[in-house]
Structure formats: structure tokens, C-alpha cells
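Subject: Structure for your review

Hello,

The structure I mentioned is below, with the sequence. My notes on it follow.

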Amino acid sequence: MVFWEAYGISDEVMGTFAPIAVYWIYGGLYHMLPTLDQYRMHSRKESEQQKTQVSMGTVVKGVLVQQAFQAAVALVMFSLTAQPDVKVVQQPLLVQLGQVIVAMFVMDTWQYFVHRYMHINKFLYKHIHSQHHRLVVPYAFGALFNHPLEGLLLDTVGGALSFLVSGMSPRTSIFFFSFATIKTVDDHCGLWLPGNPFHLLFQNNTAYHDIHHQLHGTKYNFSQPFFNIWDKVLGTHMPFSLEKRPDGGYEARPVKNI
Ligand SMILES: [Zn+2]
Ligand SMILES: [Zn+2]
């Protein structure tokens with residue numbers, strides 16, 4: 001028995017709301033850190049300039065709207081796929097791990113093609129995806145600063161497909177969706193902290209996604225949230241070097257001319 005069952009909370013409700021809570025907790029931890037100039041990927045001056053164009057309040061409101069959409073669709077999806085008469089038996093851990101890996105590939109594949117198409121299609125870029133790119137200097141709370149339709153198409157449909165194709169249980173999905181959320185927040189954290197396990201384990205990480213957010217980088221590094229396979233296969237991979245800025249911190253610099 002897991003602790004939320006004792007409170008009468010179903011796995012489906014947890015699968016819907018845990019990733020939202022995790023987003024604000026993990027993002028909040030980054031937000032509470034001191035300035036840490038020596039690890040920043042953009043100067044403080046750049047961040048301040050950005051805040052004059054898009055305020056933190058606008059970003060937080062935007063994220064809350066997209067999460068409300070996300071929660072509504074997730075609840076519908078769970079209720080459509082639920083089999084109330086069937087007692088769901090949790091698979092052995094190794095099987096669940098396999099399901100999570102399948103789900104990671106499904107999510108990456110869906111997000112790569114939809115994300116890239118949103119850059120190719122001028123109408124979709126202008127009216128939907130450009131909202132996310134208002135953050136040229138990414139920060140943790142801005143990870144899901146998306147137009148609600150983008151949240152729906154990219155994250156929610158992507159999440160539903162990963163769930164359905166992998167065959168994972170709602171309980172496994174709680175962990176998978178929470179992990180995907182943490183990874184997405186980390187990719188936008190704007191800091192290159194020593195020993196960050198995501199930076200060690202994933203080539204697609206904060207610096208990789210920072211290239212995509214740079215003004216000239218939007219034709220590259222579409223892959224998200226886990227691997228960089230599709231960028232490599234389809235020639236949109238931009239190698240980069242991490243260089244120390246003279247005023248402290250790091251800069252992800254594309255290796256090829258763009
Ligand atoms: Zn982003
Ligand atoms: Zn983009």
C-alpha cells in the first residue's frame with residue numbers, strides 16, 4: 001500500500017497532480033538558490049533585460065494556465081483508459097523500468113517532430129511556439145511557459161502516447177511523468193552546477209537546450225526532453241563548447257557557424 005491510498009487518493013489523481021507539484025518544488029529549489037554568478041549560463045544583465053520584456057508574473061501565470069489544461073486532459077485520459085473492475089497489478093521493477101525506457105523514446109519521438117514542425121510552420125511558430133522562445137535566457141520556472149495549445153499538443157498528447165504505448169500502470173506513470181517534469185525544469189535552469197547528475201547522464205541537458213533558446217540556435221537541437229538521437233539522425237544536432245565568460249559563469253557556444 002502506498003501512502004496516498006491511505007488518504008483515498010487514486011493513482012490517477014496522483015499521476016495528474018504529482019508532476020505539477022514536482023514542477024513548483026524543483027523549480028522553487030532553483031529559485032531559492034543564491035545568485036551563483038560563477039555557474040550562470042547568461043549574465044545577470046541579460047536576465048534583467050529579459051524581465052523587462054516578459055515578467056516573472058506573466059511566466060508563472062502562463063505556466064499555471066498550461067498546467068490546468070494538462071490536468072484536465074490527463075484526468076480525461078485516465079478515466080477513458082481505466083478499467084474499474086480490473087485490479088491493476090504492479091509489474092516487477094525491471095518490467096516497469098523497461099516501460100519507462102519505452103515511454104522515454106515515445107515521448108522524445110513525438111516531441112521532436114511536433115517541436116520541429118512548430119519551427120517550420122510560420123503560423124504555428126508565430127501564434128503558438130514563439131511564446132516559449134520569449135525566454136532567451138531560460139530559468140527553471142519558465143520550463144513550461146508555453147501557449148496552452150502547445151502544452152496540450154506537445155506535452156499532454158506526448159504524455160498520453162508514452163503512457164498508452166509503453167503499457168505502464170497509472171502508478172508507474174506517476175514516477176515517469178514526475179521524472180520527465182524534473183528533467184524539463186532542469187534543462188531550463190540556466191545554471192551549470194558541478195555534479196548535476198542530469199548533466200553527467202544526458203547529452204541533452206541544460207547547455208544543449210540553451211543553444212536552442214539562443215536567438216540563432218532555433219534551427220538546431222529540437223530534441224527534448226531526454227535524448228539527442230533525432231537531432232543526430234536528422235542533421236539538426238548542433239555541437240557546442242562550454243566556455244567560461246570573462247565576467248564569470250559559462251556560455252554554451254555553437255561549434256559550427258549558424
Ligand atoms: Zn525550452
Ligand atoms: Zn523551439
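Residues 93–114 are 100% helix and 0% strand, with 31 Å between the C-alpha atoms at the two ends. Please bear in mind that this is a predicted model. The stretch 93–114 is among those that UniProt, in an unreviewed entry, labels "transmembrane region"; the others in that record are 13–33 and 54–81. For residues 13–33 the model gives 95% helix and 0% strand, and the end C-alpha atoms are 31 Å apart.

On packing: the largest nonpolar core has 25 residues, and the members that touch the most others are Met 41, Ala 140, Val 185, Ala 207 and Ile 211. At least two residues of this core come from each of α2 (11–32), α4 (56–81), α10 (206–213) and β2 (250–254). Another core, of 10 residues, lies apart from it and includes Ala 103, Trp 110, Phe 163 and Met 168.

Which residues does Met 41 contact, leaving aside neighbours within four places in sequence? Among them are Gly 190, Leu 191 and Trp 192, then Thr 206, Ala 207 and Asp 210. Met 41 is also in contact with Gly 249, Tyr 250, Glu 251 and Ala 252.

On the strands: β1 (residues 240–244) pairs with β2 in the antiparallel sense, over 5 bridges. Within this pairing, Ser 241 stands opposite Arg 253 of β2. The two strands, β1 and β2, form a hairpin with 5 residues between them. In the turn, Gly 248 has a positive phi of about 95 degrees.

Regards

Key: Residues numbered from 1 in each chain as written. Chains lettered and ligands numbered in written order. Predicted model: local features only at pLDDT ≥ 70, side-chain atom pairs only at ≥ 80, totals over all residues. UniProt positions renumbered as here; feature names shortened; annotations may be inferred. Helix = DSSP H or I, 4+ residues; strand = E, 2+ residues; numbered from the N terminus. Core = buried A, V, L, I, M, F, W, Y, C linked by C-beta atoms within 7 Å. Buried ≥ 20, exposed ≤ 12 C-beta atoms within 10 Å, placed from the backbone. Contact = placed C-beta atoms within 7 Å. Pairing = 2+ DSSP bridges.
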